[in-house]
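Here is a friendly briefing to read alongside the model. Please keep the viewer open as you go through the points.

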Amino acid sequence: MSRDIARSGPQILVTGMDGQLGRSLQALAAQDLSAVYIFVKRTDLDITDAAALERWLDAHPADALINAAAYTAVDRAAAEPDAALAVNAHAPGLMARCCAARGMRLLHVSTDYVFDGTSDRAYRETDAPGPLNSYGRSKLLGEQAALAAAPDAIIVRTSWVFSAWGSNFVRTMLRLGAQHDHLRVIDDQIGGPTWAGHLAQALHRLALKSQASSAAAPALCQPALHPNGNRAASAAPSSVPGGVYHFAGAPWVSWHGFAQEIFAQALELGLIPRLPAVEAIPSRDWPSPEPRPANSRLDCTQLEALLGPLERDWRIGLDQVLRTWNARPGPA
Ligand SMILES: NC(=O)c1ccc[n+]([C@@H]2O[C@H](COP(=O)([O-])OP(=O)(O)OC[C@H]3O[C@@H](n4cnc5c(N)ncnc54)[C@H](OP(=O)(O)O)[C@@H]3O)[C@@H](O)[C@H]2O)c1
């Protein structure tokens with residue numbers, strides 16, 4: 001657990017500090033002085049432990065809680081339903097109840113895998129979910145539990161997260177590219193790779209804005225029906241209505257296109273000596289334990305209307321990640 005007492009602004013708690021998003025929020029907090037961040041890792045707080053959560057929140061009064069902790073092993077979730085449900089479905093409801101009782105705002109992160117991927121356009125917040133796999137079902141239950149317990153909770157769905165830390169597609173591609181001259185990568189799943197640094201920035205801005213009262217909101221107003229289909233809490237009119245928002249990287253790309261750009265940038269930076277051949281294949285030629293949606297595109301219009309333009313270009317995030325690794329002995 002770490003605490004930065006030299007700053008001012010809202011106090012923001014972050015669970016899951018050692019994950020991709022948690023580490024990216026730590027990097028942001030080291031640069032940005034507009035909030036006081038307090039981070040906690042799994043060994044100091046298991047988010048499924050209600051009593052421990054209550055104790056920790058009581059010991060750290062704050063304005064907002066960002067839940068960056070999750071069970072993210074997509075292909076293991078079906079075999080470990082209790083673990084996936086405890087972290088992804090039950091804990092968000094628990095956190096929302098605890099936050100509501102303390103007047104704190106919960107910002108919880110969810111996934112594109114709540115959708116079945118059959119839409120022919122980018123998914124909007126109001127589109128019906130229909131998860132294809134156990135992980136997606138557990139995350140959808142978590143969204144519903146959080147909003148049921150705290151209608152002012154903010155759910156941010158994102159997709160294809162990568163960073164300089166942890167396991168992710170960029171690291172996997174560079175490892176495989178170092179071992180093989182020829183790779184086969186799926187080209188019929190389309191989405192927005194999201195640099196965790198950009199996701200951290202979006203959550204930070206949301207957290208700051210969620211602390212501001214809405215100038216337009218009259219005192220004692222009724223809960224407003226927001227375009228995202230959820231109601232803002234009536235007690236504390238905020239400029240960020242509770243509900244679901246989408247945030248993902250741009251432009252849209254397939255896993256195959258993403259892999260090509262990873263190798264092109266890595267070659268240019270001298271991280272790899274040669275380009276491997278990257279063959280485009282359909283998903284059916286790469287059987288995975290759990291199905292994935294073909295269309296993972298998330299429409300981010302709603303969030304940008306609320307916050308203004310957001311940094312979302314994953315190619316810039318990729319450059320940051322590769323330069324970080326270039327400054328070290330290697331990505332592994
Ligand atoms: N990764 C993606 O491609 C992706 C895509 C869409 C949405 N998302 C969502 O984005 C969010 C951030 O993902 P990420 O990639 O940063 O995940 P990540 O790197 O897997 O990090 C998750 C963190 O949660 C911690 N954690 C797991 N169970 C916990 C528990 N019971 N109590 C406390 N901490 C626990 C893990 O601890 P340990 O380090 O000890 O395991 C880990 O540090 C998640 O909500 C995820 O569902 C991710």
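Which element gives the most to the shell around the ligand? Helix H1 does, with 3 residues. This is a predicted model, in which local features need pLDDT of at least 70, side-chain atom pairs count only at pLDDT 80 or more, and totals for chains, interfaces and linings use all residues. Residues are numbered from 1 along each chain as its sequence is written.

**The chain overall**

- The chain holds 9 helices and 13 strands; helices (H or I, at least four residues) and strands (E, at least two) are DSSP runs, numbered from the N terminus.
- Of its 332 residues, 45% count as buried, where buried means that 20 or more other C-beta atoms lie within 10 Å of a residue's own, exposed means 12 or fewer, and partly exposed is in between, with C-beta atoms placed from the backbone.
- Among contacts in the chain with a separation of 6 or more, 80% come from residues 24 or more positions apart; a contact needs two C-beta atoms, placed from the backbone, within 7 Å.

**Around the ligand**

- The shell around the ligand has 25 residues, and Gly19, Gln20, Ala69, Ala70 and Val161 come nearest; a residue is near a molecule if its C-beta atom, placed from the backbone, lies within 6 Å of it.
- At least two shell residues come from each of helix H1 (20-31) and strand S5 (105-111).
- By class, the shell contains 10 nonpolar, 11 polar and 4 charged residues. Ala, Val, Leu, Ile, Met, Phe, Trp, Tyr, Cys and Pro count as nonpolar, Asp, Glu, Lys and Arg as charged, and the others, Gly among them, as polar.

**H1 against H6**

- H1 packs with helix H6 (residues 196-210) at an angle of about 65°, and their axes are 8 Å apart. Axes are lines fitted to C-alpha atoms, for helices over the stretch in contact, and angles run from 0 to 180 degrees between N-to-C directions.
- The angle therefore makes H1 roughly perpendicular to H6; angles of 65 to 115 degrees count as roughly perpendicular, under 35 as roughly parallel, over 145 as roughly antiparallel and the rest as oblique.
- On the H1 side, Gln20, Leu21, Ser24, Leu25, Ala27 and Leu28 meet Ala196, Gly197, Leu199, Ala200, Gln201 and His204 of H6.
- This contact of H1 with H6 has 7 nonpolar, 5 polar and no charged residues.

**H7 and its two partners**

- Helix H5 (residues 169-179) packs with H7 at about 65°, with axes 10 Å apart, so H5 is roughly perpendicular to H7.
- Phe169, Val170, Met173, Leu174 and Gly177 of H5 meet Phe258, Ala259, Ile262, Phe263 and Ala266 of H7, a contact of 9 nonpolar, 1 polar and no charged residues.
- Helix H7 (residues 255-268) also packs with helix H9 (residues 314-326), at about 45° and with axes 10 Å apart, so H7 is oblique to H9.
- Here Glu261, Ile262, Gln265 and Ala266 of H7 touch Arg315, Leu318, Asp319 and Leu322 of H9, and the contact divides into 4 nonpolar, 1 polar and 3 charged residues.

**A look at alanine 101**

- Alanine 101 sits in helix H3 (residues 81-102) and counts as exposed because it has 12 C-beta neighbours inside 10 Å.
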